[in-house]
Amino acid sequence: MKWCRYKTGGSISYGIIDGDTVTAVEGSPFGQYTKASNSQPLSSVKLLAPVIPPTFYAAGINFREHVTEMAQKRGEEPQFPPAADVGYRAVNAIIADGEDIVVPKDATELVQYEGELVVVFGKECRKVSEKDALDYVLGYTIGNDVSERTWQRGDRTMWRAKNTDTFKPMGPWMVTDLEPDDLHVKIRLNERLVGEYDMSGAIFSTRHYISRMSQYMTLYPGDVLWMGTDGAPENMKDGDTCEIEINEIGTLTNKVVWELSLIHISEPTRLGMISYAVFCLK
């Protein structure tokens, strides 16, 4: 089943996608719901991020090539994680498919994509085994873990490197009943393939992450877990379009827009002070 969250006529609801149409539901995929009797073209609605999670989790470094390539860029030896490591992201950074990634004017050129599988939890999960872990998953969607690497190295935490507004595109919808190890991720920048990898190549599987996390914390319906990326990301420039495609789910597409700064300059003249604005693009 393919679930979406969308806006139409000023109202927001969850819906079930069937082909090119969407049918609204009363309720949500995380509880009881009933389908409405009418459907409408998917093209006539505004897709939103498929869920706004109560808690936003992110797997740590979870693919060997990514660890190796990033270490080489820093001139270091790769250090592979001894155990599944989990971090957090901020919901303020979430945007939907088709919305712009807006890069702050003081960011460096090291703004990079990270195409990731996103796990969406559907049931309360606590102390589960790896064998049963996927029973607590509602479905899967796609994420782009946009990262400003200079900030990531310089700040004590990743509060702005990973959590700046618009830095977490997610969507376009959720798909249920998938086997995560069968999924393949492709990343394109301006239609050029810049990376691809199999989820089966993760250092720690989706099942392992869910089971390990659940030993220490309760995972709730609507929580999300982003599963990390592989490869060495490239920099994204103003005007670039980044696409993350995962088989059996779809494609998440977002344009990159560098923030314009409005600088007010006052200059004395014979007629007095003239204040004018200069727009500049970093």
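Lys127 is exposed, with a relative accessible area of 52%; exposed here means over 50% relative accessible area, buried under 20%, and partly exposed in between, using a 1.4 Å probe and protein chains only. The model is predicted, so local features need pLDDT of at least 70 and side-chain atom pairs count only at pLDDT 80 or more, while totals for chains, interfaces and linings use all residues. Residues are numbered from 1 along each chain as its sequence is written, and side-chain values use heavy atoms, with hydrogens and water left out.

Lys127 sits in the loop between strand E11 (115-121) and strand E12 (137-144). Helices (H or I, at least four residues) and strands (E, at least two) are DSSP runs, numbered from the N terminus. The phi angle of Lys127 is near 55 degrees, a positive value in a residue other than glycine.

A positive phi is also found at Thr166, with a value near 80 degrees. Thr166 belongs to the loop between helix H2 (149-154) and E14, and counts as buried at 14% relative accessibility. Strand E14 itself (residues 168-175) holds Pro172, and the peptide bond leading from Gly171 to Pro172 is cis, with omega near 0 degrees.

Turning to strand E3 (residues 21-27), Thr23 is found there and is buried, with a relative accessible area of 9%. Leaving aside neighbours within four places in sequence, Thr23 is in contact (heavy atoms within 4.5 Å) with several residues, including Tyr6, Tyr14, Lys35 and Ser39. The side chains of Thr23 and Ser39 are joined by a polar contact of 2.4 Å. Such a contact is a pair of N or O atoms within 3.5 Å; within protein, one must be able to donate a hydrogen and the other to accept it, and residues adjacent in sequence count only if both atoms are side-chain atoms.
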